[in-house]
Amino acid sequence: MKAATITAYGPPDVLAVRNVPDPRPRADEVLVHVRAAAINPKDTFIRKGRFKRFTGSVFPIPTGFDFAGEVVQAGTGVTDTSVGEAVYGMLDGWQGGACAEYVAVNAGRFCKKPAGISFDEAAALPLVSLTALQALRNRAGIATGMRVCINGASGGVGSMAVQIAKIMGARVTAISSSPNHGYLVDLGADRCIDYRHGNIAAPGQRFDIFFDVFGNRPFRSVKPILSDRGVWVSTVIRPHVFLSVILTRLFSRRKARVVLVKSLRDDLEQVRRWVETDVLRPVVHSVYPLEKIREAHVQQETKHTRGKIVIRMG
């Protein structure tokens, strides 16, 4: 089968599409014929070698975590999935493999594809929607009426976070460049701030949750605008984030949290229900064929992508 692989740590040029053996599903896995996959910052960070402690130094390394496609084989221990069923999901851990014609997936890491959307749109959902859901619900304890600020609101995770926060009854302030403000209001944002000119620390302004998706607003800079028991949540795996988590656990009523997304079938099912009832919608910035995965990574690294970049299989 054809698969995108990382041949060394470095720039997008280290990506190559090559023929590799088809995966063989274990008893608790299914084999999915991938129709579409998606690119995330995680993919570019792995390619650069930022997480080589986890990904190792044996090349080639498979890439891609989001997928949508059809089940072509089920392991002997999988009884609730049929061959031919359209599914979507996300691989866990650090060894990808979704940017390929076939991928073997654990039974707990996928569910039925949302009805009424394309494979491209379905592939754009898993990592970003699960990150937003688990950050807001599990790490921040979102509840109806809370004031939520989302920094980096127009990207993949941010676009989901705006919608999910509104679904959960919050009042949402979105931070992004001004050209994206109309788009974010359309997603449900109550208020938008231009990150270049707006003042997020205006007098009297307080937030119950500050979700730092973009990763450039450390806890110390946000603490003054958190409510008495407000929560700052980051997606960034950096020492200063974990230090803030530890210190606020011990010494502060205002808390710092980090979200480490997990691929969970129950959460994928929740996202599917929201999509099928038209309260959550996937956002696709652009679609590339597998052979242009280098260009897809280049676009991802501009940090000016509205929603998600999708890789369509031939």
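**Strand 12 and its sheet**

Trainee: What makes strand 12 and strand 13 (residues 226-234) a pair in this predicted model?

Mentor: Five bridges join strand 12 to strand 13, and the two run parallel. Two strands pair if DSSP finds at least two bridges between them; five bridges meet that condition, so strands 12 and 13 are counted as paired.

Trainee: Why is strand 12 described as largely enclosed by the rest of the structure?

Mentor: Buried means under 20% relative accessible area. Six of the six residues of strand 12 (residues 207-212) are buried, so the strand is largely enclosed.

Trainee: Which strands form the open sheet, and in what order?

Mentor: The sheet has six strands in the order 11-10-9-12-13-14, and the pairing is parallel.

Trainee: What makes strand 11 (191-194) and strand 14 (255-258) the edge strands?

Mentor: Strand 11 and strand 14 each pair on one side only. On average, neighbouring strands of this sheet are turned by 20° against each other, direction ignored.

Trainee: Which helices lie across strand 13 and strand 14?

Mentor: Helix 4 (residues 126-139) lies across strand 9, strand 12, strand 13 and strand 14, and runs at about 145° to strand 12. Helix 8 (residues 239-251) lies across strand 13 and strand 14, running at about 140° to strand 14.

Trainee: How do you know that the radius of gyration of the protein agrees with that of a compact globule?

Mentor: For 314 residues, a compact globule would have a radius of gyration near 20 Å; the protein has 19 Å, so the two agree. The C-alpha atoms fill a box of roughly 60 × 40 × 40 Å along the principal axes.

Trainee: How many of the contacts between residues at least 6 apart in sequence join residues at least 24 apart?

Mentor: The share is 68%. As for the protein as a whole, its secondary structure comes to 10 helices and 16 strands, and buried residues make up 54% of the 314 residues.

Definitions and conventions
Residues are numbered from 1 along each chain as its sequence is written. This is a predicted model: local features need pLDDT of at least 70, side-chain atom pairs count only at pLDDT 80 or more; totals for chains, interfaces and linings use all residues. Side-chain values use heavy atoms; hydrogens and water are left out. Buried means under 20% relative accessible area, exposed over 50%, partly exposed in between (1.4 Å probe, protein chains only). Helices (H or I, at least four residues) and strands (E, at least two) are DSSP runs, numbered from the N terminus. Axes are lines fitted to C-alpha atoms, for helices over the stretch in contact, and angles run from 0 to 180 degrees between N-to-C directions. Contact means heavy atoms within 4.5 Å. The radius of gyration is taken over C-alpha atoms; the globule rule is 2.2 Å times the number of residues to the power 0.38.
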